[in-house]
Amino acid sequence: MLASKWMEGPGRMRIGVDICNTIANVNAEILRSYDVSLEVYPFPELPAGFFSTPEGLTLLARAKPLAGAVEVLKNYALHGHEIIYITSRPVIAANITREWLAVHGFPRGSIVFLPRGYKKVFATHYGIGLFFEDDPIEAAGLQEAVGQVYMPAWPYNRNVRERYIQRFTSWKDMQNHSDCHLRLRMVL
Ligand SMILES: [Mg+2]
C-alpha cells in the first residue's frame with residue numbers, strides 16, 4: 001500500500017509510465033525482423049541509434065499496445081491521478097509517440113523524453129509515487145525514489161529482486177492493483 005507521502009493532494013498521485021515494452025509491445029515488432037534473444041537489455045543485437053533510423057521509427061509506430069494497459073491507465077486517470085509518460089525514446093520519435101498514444105486510446109498526459117538512466121532523478125524531483133517500467137536498470141533506480149515500481153515481465157528482467165519492484169505478467173492482472181489504489185483514495 002502506498003504511503004500518504006506519495007499522494008499529490010487528497011487521493012491524487014503522479015504515475016510514471018514507460019512506453020517501450022511497458023505499454024507498447026515493441027519487442028514483438030523487433031522479433032519479426034531481427035534475431036534478438038531478449039535475454040539482455042538493451043539488445044546487443046541492435047545497433048546503437050537504431051530507433052532514430054526510419055526503420056526503427058516505423059517499428060515504434062507499428063507496435064501494438066500490451067493488452068489491458070489502456071484500461072488500467074484510463075482507470076487511474078478517471079479517478080484523478082496524473083499520468084506522465086516517461087521514455088528513453090529519441091526525441092525524433094515525439095510525434096509518432098504522441099499519435100500512437102492517442103490512436104490507441106491511452107489517457108492524456110505529458111510525454112517526457114530522457115536519456116537512459118535519468119528516470120530516477122526525474123521521478124524524485126517530480127514527486128512520482130508509482131511507476132510502470134520494464135528496464136531493469138531504470139527500475140532499480142526508480143524503486144529507491146518512488147513508492148512502488150510495477151514491472152511487466154520479460155526475459156531480461158526475470159532476475160530483478162528488489163523490495164519495491166513487483167513484476168507482473170499481464171496488465172489484466174494489474175486491474176486489481178489499480179482498484180486497490182482507488183479504494184485507498186476513498187479512505188483518504
Ligand atoms: Mg521500456
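## Close-up views of the model

**Figure 1. Surroundings of Phe113.** Leaving aside residues up to four places away in sequence, Phe113 touches Thr87, Arg89, Val91 and Ala94 (a contact means C-beta atoms, placed from the backbone, within 7 Å). The model is predicted: local features need a pLDDT of at least 70, side-chain atom pairs count only at pLDDT 80 or more, and totals for chains, interfaces and linings use all residues. Numbering starts from 1 along each chain as its sequence is written. Phe113 lies in strand β5, strands being DSSP runs of E with at least two residues and helices runs of H or I with at least four, numbered from the N terminus. Phe113 is partly exposed, because 16 other C-beta atoms lie within 10 Å (20 or more within 10 Å count as buried, 12 or fewer as exposed, and values in between as partly exposed). The C-alpha atom of Phe113 is separated by 8.5 Å from that of Tyr85, although these residues are 28 apart along the chain.

**Figure 2. The six-stranded sheet.** An open sheet has the strand order β5-β4-β1-β6-β7-β8, with parallel pairing (strands pair if DSSP finds at least two bridges between them). The edge positions belong to β5 (110-113) and β8 (165-168), each with a single partner strand, so one side of each has no neighbour in the sheet. From one strand to the next, the twist averages 20°. Helix α4 (residues 94-103) packs on the sheet and touches β4 and β5, and its direction makes about 145° with that of β5 (angles run from 0 to 180 degrees between N-to-C directions, and axes are lines fitted to C-alpha atoms, for helices over the stretch in contact). Strand β7 (residues 148-152) pairs with β8 in the parallel sense over four bridges, and Val149 stands opposite Ile165 in β8.

**Figure 3. Strand β1 and its neighbours.** In a regular strand, side chains alternate between the two faces of the sheet. From strand β1 (residues 14-17), Arg14 and Gly16 point one way and Ile15 and Val17 the other way, and all are buried. Four bridges join β1 to strand β4 (residues 82-87) in the parallel sense, with Gly16 opposite Ile84 in β4. Strand β6 (residues 130-132) runs parallel to β1 and is joined to it by three bridges; here Val17 stands opposite Phe132.

**Figure 4. Packing of helices α1 and α2.** Helix α1 (residues 26-33) and helix α2 (residues 54-62) pack at an angle of about 130°, and their axes are 8 Å apart. The two helices are therefore oblique to each other (under 35 degrees is roughly parallel, over 145 roughly antiparallel, 65 to 115 roughly perpendicular, and the rest oblique). Val26, Glu29 and Ile30 of α1 meet Leu59, Leu60 and Arg62 of α2 in the contact.

**Figure 5. Backbone details in the loops.** Tyr41 and Pro42 are joined by a cis peptide bond with an omega of about -5°, and Pro42 lies in the loop between α1 and α2. Leu38 is found in the loop between α1 and α2 and has a positive phi of about 65° although it is not a glycine. Leu38 is partly exposed, because 16 other C-beta atoms lie within 10 Å. Asn21, in the loop between β1 and β2 (24-25), has a positive phi of about 65° although it is not a glycine. Asn21 is buried, because 22 other C-beta atoms lie within 10 Å.

Methods: Two residues are in contact if their C-beta atoms, placed from the backbone, lie within 7 Å.
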